[in-house]
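Please consult the sequence and the structure while reading.

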Amino acid sequence: MQKGNEQEAVQKRTFTKWINSHLAKYKPPLEVNDLFEDIKDGVKLLALLEVLSGQRLPCEQGRQLKRIHWVSNIGTALKFLEGRKSVYRGSPIKLVNIHATDIADGRPSIVLGLIWTIILYFQIEELTSNLPALQALSNSNSSVDSTASCETGSPPMKRKVVNKFQGNAKKALLRWVQCTAAKQFGIEVKDFGPSWRDGVAFQAVVHAIRPDLVDMEVVRRRKNRENLEEAFALAENELGIPRLLDPEDVDVDKPDEKSIMTYVAQFLKHYPNPQHSEGDGQQDEVRFIERKILRELKVFVDQLERDLLRAQATEGSLTDKYQAFKNFHVQYEMKKKQTDQLLQPVHKEGKLSVDQALVKQAWDRVSARLLDWHIHLDKSLPGPLGVIGAWLHRAEMALREDIPHQHVHEETANVLHRKLEQHKVRYLRNPHGGIIN
């Protein structure tokens with residue numbers, strides 16, 4: 001029982017500091033002093049969710065709030081959370097045994113469970129899901145092999161859908177630590193508990209980000225609490241990472257896993273791709289895997305383009321051709337999200353690497369060919385349908401055009417108005433089906 005109380009106390013302190021690091025961004029800034037008491041009316045809970053999501057949420061406020069208002073605010077927060085989807089499962093977030101009345105009563109275990117759900121979804125899941133190289137590590141097969149070839153426009157083979165990660169956010173975060181810090185120094189980080197007790201893993205993460213701050217040889221000779229204190233101080237003072245833990249929270253037989261995960265994720269938030277110094281002679285494993293996946297993706301996109309051209313040239317009915325187009329479009333959409341992630345600029349000035357540029361060039365070609373094919377098919381529809389199809393595509397193209405933002409908002413509005421009027425005139429001039437060039 002005593003052990004449970006200590007763990008609860010550590011979580012309460014850690015979660016409170018985490019919440020306050022976000023509420024400091026709220027306007028006006030808010031602060032939680034006693035987590036179990038200050039969350040009862042739901043006001044600061046909703047403010048936290050607004051900061052994390054960037055969305056405005058309805059909130060009952062005032063000095064004389066009654067319990068009915070508390071429960072209403074908390075209910076709004078819970079409904080908002082249940083409307084979100086887990087990055088890993090793809091299904092709505094489930095709040096098991098978490099009820100508005102329990103939060104309004106300040107029940108410690110329920111409050112901590114709710115805050116952990118928020119941390120897991122809004123921080124750890126979101127951050128780890130943006131690591132495209134770790135996505136590759138989770139798949140035993142090549143990412144390119146996950147989509148069947150479509151040489152004759154036949155539908156893709158049925159196969160088990162592989163999630164982004166064969167695991168969860170915890171495994172992805174642990175793998176990030178192993179790739180970016182632990183491996184370099186031969187440190188075994190197997191969990192988010194005892195592996196962190198001596199402070200060496202924390203120091204290794206700091207070193208991965210700023211090698212000049214840490215002498216790992218000295219670290220190995222020091223006592224646990226000295227290492228922990230220095231790592232937390234360096235992270236806060238030199239890297240701007242909020243201090244969520246104290247040495248006495250970690251230097252125990254069974255450190256609290258959720259508290260350590262919450263803190264470690266701060267490093268990922270601020271420095272998703274730590275760079276080792278050039279002279280250490282070790283290649284960044286994550287970057288190596290990214291390059292490998294980019295090259296595999298280039299092969300896949302090139303093959304997709306060849307298959308697409310072959311399918312376009314194949315004889316058949318309009319129905320068959322639409323089905324073939326649909327099959328290719330499904331493959332395209334399946335790869336789009338992964339491609340978008342892998343094409344995020346790696347340089348501060350926003351430039352793409354050579355491998356990224358080659359993939360982008362190939363991907364843009366396939367995108368253009370699919371669009372052209374779609375337009376051609378829609379124009380081939382019989383009678384008025386073909387005219388409508390052509391008109392709709394022109395509308396889409398007009399909507400996709402970049403509108404130059406003027407210094408005066410009225411000028412931008414005028415440009416938009418003119419484009420709408422032009423398109424309306426084209427439509428009105430063609431009530432009987434003639435194609436307008």
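Within the protein chain, 68% of the contacts with a separation of 6 or more join residues 24 or more positions apart, where a contact means heavy atoms within 4.5 Å. This is a predicted model, in which local features need pLDDT of at least 70, side-chain atom pairs count only at pLDDT 80 or more, and totals for chains, interfaces and linings use all residues. Residues are numbered from 1 along each chain as its sequence is written, and side-chain values use heavy atoms, with hydrogens and water left out.

The secondary structure of the protein chain comprises 18 helices and zero strands; these are DSSP runs numbered from the N terminus, with helices (H or I) of at least four residues and strands (E) of at least two. Of its 437 residues, 44% count as buried, that is, under 20% relative accessible area with a 1.4 Å probe and protein chains only. The accessible surface comes to about 24,300 Å², and carbon and sulfur atoms hold 52% of that area; the Shrake-Rupley method with a 1.4 Å probe was used.

Confidence is expressed as pLDDT, the predictor's value for each residue from 0 to 100. The mean pLDDT of the protein chain is 79, and 72% of its residues reach 70 or more. Two stretches are tabulated below.

| Residues | pLDDT | Contacts beyond four places in sequence |
|---|---|---|
| Residues 133-167 | under 50 | 70 contacts |
| Residues 276-283 | under 50 | eight contacts |

Where pLDDT is low, the predicted coordinates should not be read in detail.

Helix H8 (residues 169-185) and helix H13 (residues 257-270) have axes that come within 11 Å and cross at roughly 55 degrees. The axes are lines fitted to C-alpha atoms over the stretch in contact, with angles from 0 to 180 degrees between N-to-C directions. H8 and H13 are therefore oblique to each other, and H8 passes H13 in a left-handed crossing. Residues of H8 that meet H13 include Trp 176 and Val 177, while those on the H13 side include Met 261 and Phe 267.

Val 111 lies in helix H6 (residues 108-128) and is buried, with a relative accessible area of 0%. Beyond four places in sequence, Val 111 touches Leu 35, Phe 36, Ile 39, Ile 103 and Gly 106. The C-alpha atoms of Val 111 and Glu 37, 74 residues apart along the chain, are separated by 9.9 Å.

Ile 293, in helix H14 (residues 285-313), counts as buried at 6% relative accessibility. Its C-alpha atom is separated by 8.6 Å from that of Leu 342, 49 residues apart along the chain.

Definitions and conventions
Buried means under 20% relative accessible area, exposed over 50%, partly exposed in between (1.4 Å probe, protein chains only). Angles under 35 degrees count as roughly parallel, over 145 as roughly antiparallel, 65 to 115 as roughly perpendicular and the rest as oblique. A crossing is left-handed if the near helix is turned anticlockwise from the far one by less than a right angle, and right-handed if clockwise.
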